[in-house]
Amino acid sequence: MESVNNTAVSGDAAAAKATLRHAKTLKLHTGNLVNRSRLKKKCPSSPGEELQDCIRATLTDWFATTQLPSEGGLSDTVDCCIPEATEAIKPEERDELKVSVKLFLCESDQSSIPEALEMACQTLAVSQLDSVIIAPRGLPEGEVQTLAHLQPAWEELEALVRSQKIAAIGTSDLDKDLLEQLYKWSQVKPSSNQVNLASCCVMPPDLTAFAKDFDIQLLTHSDPKELMSAATFQEAVQESTKELDVADWRLEWVLRYSIIVKSRGIIKAKGYLVNARKASP
């Protein structure tokens, strides 16, 4: 069944609960956090806390405006967004803006990558993303990330570069050896690599030298290894939906975007897209 946007001028919690109970997929867009006054008043201590606050606030607002569809029945896919909080890019502005994305994968399945990036393009009204950084799913304790772990996701990104959906692709938290392996193997080379300053207060000299030699930009970030656990996601949904049972919902991916005015270096918009799926009975 096709996705529908179940937002309206007024609604009630019963309609929202009925919609979510029926749904198999939840697509959530926080809207532009730069403009959402309720969220701007808070200063989250971490990216994970920011995401949790955003999910709670978006679901709370959506619950207050949801109505049961007048015809066609309930949809298998729920688009949870607040229309007035979105930030679509006008065609005449596009050349002045840089659209950057970081995609956090919460499942081992890589097939959702094109869907996530297409959702970002549609939400922001652009045909191409300027930069995409991939953050693979965290590995179980004791496992070390290898090139074999990275290859499936990278192949998906390469295909999107060839189809001109993405201009540049980057990585996150790769040491010099793994970055070099990816560079030698890949057809579309990484343009950037993010380094977490929590685990590395100074850039490793071997990584810096390799990046300089092969024109790879080194960036810093403060994201945790796991941006949001399944339990934390369920807790955020539960707090917003009250009596609704959310134990069978799992988080598939989280996409964080930022829109930067190139000439001034300021953030015009930022937000999150979240995709969750109900486990099969």
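The lining of the second largest pocket has seven nonpolar, nine polar and six charged residues, where Ala, Val, Leu, Ile, Met, Phe, Trp, Tyr, Cys and Pro count as nonpolar, Asp, Glu, Lys and Arg as charged, and the others, Gly among them, as polar. Keep in mind that this is a predicted model, where local features need pLDDT of at least 70, side-chain atom pairs count only at pLDDT 80 or more, and totals for chains, interfaces and linings use all residues. Residues are numbered from 1 along each chain as its sequence is written, and side-chain values use heavy atoms, with hydrogens and water left out.

- Strand β4 covers residues 97-105, and eight of its nine residues are buried, so the rest of the structure largely encloses it; buried here means under 20% relative accessible area with a 1.4 Å probe, protein chains only.
- Helices (H or I, at least four residues) and strands (E, at least two) are DSSP runs, numbered from the N terminus.
- With strand β9 (residues 249-261), β4 pairs in the antiparallel sense over nine bridges, and Val-99 stands opposite Ile-259 in β9; two strands pair if DSSP finds at least two bridges between them.
- With strand β5 (residues 129-135), β4 pairs in the parallel sense over five bridges, and here Leu-103 faces Ile-134 in β5 as its opposite number.
- β4, helix α4 (residues 112-124) and β5 also form a right-handed β-α-β unit, meaning that with the strands pointing away from the viewer, the path from the first strand over the helix to the second runs clockwise.

**The two pockets**

- On a 1 Å grid over the protein atoms alone, a pocket is an open set of points with protein on both sides within 12 Å along at least five of seven lines, a cavity is a set where a 1.4 Å probe fits but cannot get out, and lining residues have an atom within 4 Å of a point.
- The largest pocket holds about 1200 Å³ of space, a volume being the space filled by probe spheres set on grid points that are joined across faces, edges and corners.
- Its lining has 45 residues, and Pro-136, Gly-138, Gln-145, Asp-173 and Lys-225 are the closest to the centre.
- β4, α6 (176-185), β7 (192-196), α7 (205-213) and β9 each give at least two residues to the lining of the largest pocket, with the largest share, four residues, coming from β7.
- By class, that lining splits into 21 nonpolar, eleven polar and 13 charged residues.
- The second largest pocket comes in at about 550 Å³; among its 22 lining residues, Ser-100, Ile-133, Gln-194, Leu-219 and Ser-258 lie nearest the centre.
- β4, β5, β7, β8 (217-221), β9 and β10 (266-278) each supply at least two residues of the lining of the second largest pocket.

**The two cavities**

- Searching the whole structure turns up two cavities of 30 Å³ or more.
- The largest cavity has a volume of about 50 Å³, and its lining includes Ile-134, Pro-136, Leu-150 and Trp-154.
- α5 (147-162) and β6 (166-172) each bring at least two residues to the lining of the largest cavity, and α5 has the largest share, with three.

Key
Buried < 20%, exposed > 50% of the residue type's maximum accessible area, 1.4 Å probe, protein only.
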